[in-house]
Amino acid sequence: MNKEDFEFLDRINTYANSVLHDIDPQKTKVGAQLEKLRPVMQEIAMEKGMDVTDVFIKYMDLASEASVEVERKFQNTVGNMNKYGDIE
C-alpha cells in the first residue's frame with residue numbers, strides 16, 4: 001500500500017471511528033453503516049474526481065488489504081512463539 005492509499009484509508013477510518021463509535025456492527029446492517037460513511041466518501045469523490053461508488057470499492061479493497069497484512073503479521077508472531085508464549 002502506498003502513502004496515498006494509506007492516507008485514503010486512514011481518512012475514512014478516522015471518520016468512521018467518529019460516526020460509528022456507538023453502533024454495534026453485529027446488529028446494524030452494512031447498508032446503514034455505509035450510509036453513515038457516505039459524507040466522507042462523497043467528499044473524497046469530489047476532490048479526486050471519482051464516482052462515490054469507486055471510492056467505496058477502493059476503500060473496501062484497501063481495508064481488505066490492511067486486514068490481511070495485520071493477520072499476516074499476527075500469524076508470523078504466533079508462529080515464532082515457543083510453547084511458553086515467548087517469541088523465539
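A residue is called buried when its relative accessible area is under 20%, exposed when it is over 50%, and partly exposed in between, with a 1.4 Å probe and protein chains only. By this rule Lys-58 is partly exposed, with a relative accessible area of 23%, whereas Asp-5 counts as buried at 16%. The model is predicted: local features need pLDDT of at least 70, side-chain atom pairs count only at pLDDT 80 or more, and totals for chains, interfaces and linings use all residues. Residues are numbered from 1 along each chain as its sequence is written, and side-chain values use heavy atoms, with hydrogens and water left out.

**Helix α1**

- Helix α1 covers residues 3–19 and includes Asp-5; helices are DSSP runs of H or I with at least four residues, numbered from the N terminus.
- The 17 residues of α1 should span 24 Å at 1.5 Å a residue, and the end C-alpha atoms are 24 Å apart, which agrees; the expected span is 1.5 Å times one less than the number of residues.
- The buried residues in α1 are Asp-5, Phe-8, Leu-9, Ile-12 and Ala-16.
- These residues cover an arc of only 90° around the axis, which puts them on the same side of α1; the arc is taken from the directions that lead from the helix axis to the C-beta atoms.
- Lys-3, Phe-6 and Asn-17 are exposed residues on the face of α1 turned away from its buried side.
- At the start of α1, a side-chain oxygen of Asn-2 comes to within 3.1 Å of the backbone nitrogen of Glu-4.

**Salt bridges**

- The whole structure contains seven salt bridges, each being a side-chain nitrogen of Lys or Arg within 4 Å of a carboxyl oxygen of Asp or Glu.
- Lys-3 is exposed at 63% relative accessible area, while Glu-7 is partly exposed at 44%.
- Glu-4 and Lys-48 meet through their side chains in a salt bridge of 3.7 Å, N to O. This pair links distant parts of the chain, since Glu-4 belongs to α1 and Lys-48 to helix α2 (residues 30–48), 44 residues apart. Glu-4 is partly exposed at 45%, as is Lys-48 at 43%.
- Lys-58 forms a salt bridge with Asp-5, with the closest N and O atoms 3.5 Å apart. Lys-58 lies in helix α3 (residues 52–79) and Asp-5 in α1, so the pair ties together parts that are 53 residues apart in sequence.

**Contacts and the nonpolar core**

- Leaving aside residues up to four places away in sequence, Asp-5 touches Lys-58 and Leu-62; contact means heavy atoms within 4.5 Å.
- The largest nonpolar core has 14 residues, and those with the most contacts inside it include Phe-8, Ile-12, Leu-37 and Met-41. Such a core is a set of buried Ala, Val, Leu, Ile, Met, Phe, Trp, Tyr and Cys residues joined through side-chain atoms within 4.5 Å.
- Helices α1, α2 and α3 are the elements that give two or more residues to this core. The largest share, five residues, comes from α2.
- Met-41 touches Ile-12, Val-52, Val-55, Phe-56 and Tyr-59, not counting residues up to four places away in sequence.

Technical notes: A polar contact is a pair of N or O atoms within 3.5 Å; within protein, one must be able to donate a hydrogen and the other to accept it, and residues adjacent in sequence count only if both atoms are side-chain atoms.
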